[in-house]
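These are my notebook entries on a first reading of a structure. I set down what I looked up and what I found, one topic at a time.

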Amino acid sequence: MRPLVLCYHAVSDRWPHALAVEAGTLERQVRALLRRGFRPVGAAEAVEGRGKLLHVTFDDAYRTAALALPALERLGVPVTVFACSGYAADGRAFDVPELAADAARYPGELLTMPWSELRALAERGIEIGSHTITHPHLSRLSDGEIERELTESRAQFEAELGRPCRFLAYPYGETDGRVVAAAKAAGYEAAWALPGREDRIDRYALPRVGIYRGDGALRLRLKTTAAVRGQAARLRVT
Ligand SMILES: [Zn+2]
């Protein structure tokens, strides 16, 4: 059985968007998984380990994600935050084209963590991974642009945080063979996508389960059970 890796984004009850989960809901979801016997592990074990293992990730490094961290720390659940270095430079609202209208309407809700905050989280034991520089659709870029997004962001994280940047999460969870090859070449140890592609899971296309606003207890159970089952089924035939 492959580890279960959850992918959250913002933590808020004020931003009415699928990406924003309320803090109490998130805590209840993680508690439910722990009650079902999942054992919390760090990012490296979520890559290498097998069994009923749980790791929690937050993409885009919204400042509000920090609201979920005390509860996760109390529950002993290790966390990875995937940040974009181009946003960490000033911590501005996450204004990618898909969210530009939301960034204009809820600017405070979409603020991102600047380097100082990412550094403080790293010192607290949170793993900080790269989510590229600008959060592009990588598979639409030229080879040179992909290389820049993956290599320069990794170098910026290492320089700013003073520790290895070992892991990558693909923006929008999107990847393909060219992007995977670039992630390997850029020196990452592993990279996460989102679900799908059960046919070709490798350490540079690891699946995660995205959890969104409105996912109730039943839906969470279905999503997480299906993820674990689908991967287990695949492992039996390969
Ligand atoms: Zn993202």
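Predicted model: local features only at pLDDT ≥ 70, side-chain atom pairs only at ≥ 80, totals over all residues.

Entry 1, the buried side of a helix. I asked which residues of α7 are buried. I found Ile146, Glu149, Leu150, Ser153, Arg154, Phe157 and Glu160 on that list. I then looked down the axis of α7: the buried residues fall within an arc of 145°, so they line one face of the helix.

I next asked which exposed residues sit on the face of α7 turned away from the buried side. I recorded Asp143, Gly144 and Ala159 there.

I also looked up what covers the buried residues of α7. The cover includes three helices, α4 (85–88), α6 (115–123) and α8 (177–185). It includes two strands as well, β7 (127–130) and β8 (167–169).

I checked the span of α7, which takes in residues 143–161. Its 19 residues should span 27 Å at 1.5 Å a residue, and I found the end C-alpha atoms 27 Å apart, which agrees. After the helix comes Gly162, and I noted that its phi is positive, near 65°.

I repeated the check on α1 (residues 23–35). This helix has 13 residues and reaches 18 Å from its first C-alpha to its last, close to the 18 Å expected at 1.5 Å a residue. I listed its buried residues as Leu26, Gln29, Val30 and Leu33. Seen down the axis of α1, they fall within an arc of 90°, so they too line one face of the helix. On the face turned away from the buried side, I found the exposed residues Gly24 and Arg35. I noted that α1 is followed by Gly37, whose phi is positive, near 100°.

I turned to β5, which covers residues 53–59. I asked how many of its seven residues are buried. I found that six are, and I recorded the strand as mostly covered.

I then looked up the pairing of β5. Strand β1 (residues 4–8) runs parallel to β5 and is joined to it by five bridges. In this pairing, Leu6 has Val56 of β5 as its bridge partner. Strand β4 (residues 39–40) is also parallel to β5, with two bridges between them. Here I found Arg39 opposite Leu53 in β5. The chain passes from β4 through helix α2 (residues 43–48) to β5, and I recorded this β-α-β crossover as right-handed.

With strand β6 (residues 79–83), β5 pairs in the parallel sense over four bridges. I noted that Thr57 stands opposite Thr80 in β6. Helix α3 (residues 69–74) lies between β5 and β6 in a right-handed β-α-β unit.

I closed with the overall figures. I counted nine helices and 10 strands. A compact globule of 238 residues would have a radius of gyration near 18 Å, and the protein has 17 Å, which agrees. Its C-alpha atoms fill a box of roughly 40 × 40 × 35 Å along the principal axes. Of the 238 residues, 42% count as buried. Among contacts with a separation of 6 or more, I found that 63% come from residues 24 or more positions apart.

Technical notes: Residues numbered from 1 in each chain as written. Expected span 1.5 Å × (residues − 1). Buried ≥ 20, exposed ≤ 12 C-beta atoms within 10 Å, placed from the backbone. Arc of directions from axis to C-beta. Contact = placed C-beta atoms within 7 Å. Rg over C-alpha atoms; globule rule 2.2 N^0.38 Å. Pairing = 2+ DSSP bridges. Right-handed = clockwise from strand over helix to strand, strands pointing away.
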